[in-house]
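Q: I would like to learn how to read the features of a model such as this one. Please show it, and then we can go through it by topic.

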Amino acid sequence: MTAPLHGKTLLMSGGSRGIGLAIALRAARDGANVVMLAKTDIPDPRLEGTIHTAADAIQKAGGQALAVVGDVRNDGDIANAVDQAVSTFGGIDIVVNNASVISLARTLDLDPKRFDLMQDVNMRGTFMLSRAALPHLKAAENAHILSLSPPINLDPKWLGAHTGYTLAKYGMSLATLGFAAEFARDGIAANTLWPRTTIKTAAVGNILGGEALLAKSRTPEIYADAAYEVLTKPAREYTGQSLIVEDVLIAAGVTDFSRYSPGVDEKDLFPDIFL
């Protein structure tokens with residue numbers, strides 16, 4: 001039997017490491033084509049991996065990879081990534097809006113340039129990458145847009161905790177839910193996906209809490225397994241939802257999450273900042 005994502009083409013922002021790479025590798029195990037638009041062309045001592053090492057890993061996992069060096073803030077780079085995806089693999093079936101910038105600075109401490117960067121990468125990047133791919137998604141058999149962003153929670157606890165970052169992430173979610181409504185007749189699914197706990201990523205280690213928080217976080221594979229469940233659902237039936245990673249996996253029959261946090265008691269895991 002052919003695997004669900006075999007021969008499907010995913011266009012992803014970022015993906016050099018962490019959650020994006022984990023999602024790409026899970027798709028690659030089905031024999032998917034993965035096109036990554038990412039900036040990390042040369043090694044950075046602060047970060048593990050480059051777009052090229054990610055492409056090698058995808059190919060070793062059984063997929064085809066296309067590394068497009070560029071910036072999701074640049075419309076020309078987005079157009080180039082879409083053009084290369086279509087010319088190389090014949091179309092685009094899935095868009096994964098993975099690239100994201102984080103700063104939990106309070107409003108008076110948030111540098112304007114950092115604010116602009118978050119809005120440009122998170123919200124605008126999600127909108128423009130999806131927009132550029134939409135003509136091709138319309139032609140796909142089971143088209144999906146998946147944004148790694150939280151459910152819209154208007155609790156003042158989150159609105160006031162880190163207003164600049166909240167705006168950027170909620171912008172991703174609103175755009176995605178808007179796509180779901182606007183393109184429902186075209187059979188294009190658009191959903192968001194967010195975890196209940198922090199995930200072991202460079203951002204968590206370098207920005208949020210160092211090794212102590214990493215030790216209380218789940219591995220990116222939990223996100224990847226949930227994303228796979230979403231992306232293999234019938235697009236016309238499974239859209240317009242703000243999904244939680246653990247809920248998606250429970251619905252798929254997963255009852256034991258210990259493999260995603262070996263040696264860590266569930267009660268000791270750090271809750272996600274939006275939940």
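Q: Is helix α8 largely enclosed by the rest of the structure or largely open, and how many of its residues are buried?

A: Buried means under 20% relative accessible area, exposed over 50%, and partly exposed in between, with a 1.4 Å probe and protein chains only. In α8, 10 of the 12 residues are buried, so the helix is largely enclosed by the rest of the structure. The buried set is Pro 220, Ile 222, Tyr 223, Ala 224, Asp 225, Ala 226, Ala 227, Tyr 228, Val 230 and Leu 231.

Q: What should I know about the model before reading on?

A: This is a predicted model, in which local features need pLDDT of at least 70, side-chain atom pairs count only at pLDDT 80 or more, and totals for chains, interfaces and linings use all residues. Residues are numbered from 1 along each chain as its sequence is written, and side-chain values use heavy atoms, with hydrogens and water left out.

Q: How many helices and strands does the chain have?

A: Helices (H or I, at least four residues) and strands (E, at least two) are DSSP runs, numbered from the N terminus. The chain has 9 helices and 7 strands. Its radius of gyration is 17 Å, close to the 19 Å that the globule rule gives for 275 residues, so the chain is as compact as a globular protein of that length. That radius is taken over C-alpha atoms, and the rule is 2.2 Å times the number of residues to the power 0.38. Along its principal axes, the C-alpha trace spans about 45 × 40 × 40 Å.

Q: What share of the chain's residues is buried, and what share of the contacts joins residues at least 24 apart?

A: Buried residues account for 52% of the 275. Contact means heavy atoms within 4.5 Å. Of the contacts between residues at least 6 apart in sequence, 74% join residues at least 24 apart.

Q: How does the length of α8 compare with what is expected?

A: The expected span of a helix is 1.5 Å times one less than its number of residues. Helix α8 (residues 220-231) has 12 residues and reaches 16 Å from its first C-alpha to its last, close to the 16 Å expected.

Q: How many residues of helix α1 are buried, and which elements do they pack against?

A: In α1 (residues 18-28), 9 of the 11 residues are buried, so this helix is largely enclosed by the rest of the structure. Among them are Ile 19, Leu 21, Ile 23 and Arg 26. The buried residues of α1 pack against β1 (9-13), β2 (33-38), α2 (51-60), β4 and α8.

Q: How do I read a residue in a loop, and where is Tyr 238 placed?

A: Start with its position, then its accessibility and its contacts. Tyr 238 is in the loop between α8 and β7 (242-244). With a relative accessible area of 16%, Tyr 238 is buried. Leaving out residues up to four places away in sequence, Tyr 238 touches His 144, Ala 189, Asn 191, Val 230, Lys 233, Leu 243 and Val 248. Its C-alpha lies 9.8 Å from that of Ala 180, 58 residues away along the chain.

Q: Is Asp 71 buried or exposed, and which residues does Asp 71 contact?

A: Asp 71, in the loop between β3 (64-69) and α3 (75-89), has a relative accessible area of 15% and is buried. Beyond its neighbours within four places in sequence, Asp 71 is in contact with Leu 37, Lys 39 and Asp 77.

Q: Where is Asp 111, and what is its relative accessible area?

A: Asp 111 is in the loop between β4 (94-97) and α4 (112-137). Its relative accessible area is 41%, and Asp 111 is partly exposed. Asp 111 and Gly 164 are 53 residues apart in sequence, with their C-alpha atoms 10.0 Å apart in space.

Q: Which residues does Glu 266 touch?

A: Glu 266 lies in the segment after α9 and counts as partly exposed at 41% relative accessibility. Not counting residues up to four places away in sequence, Glu 266 touches Arg 218, Phe 257 and Ser 261.
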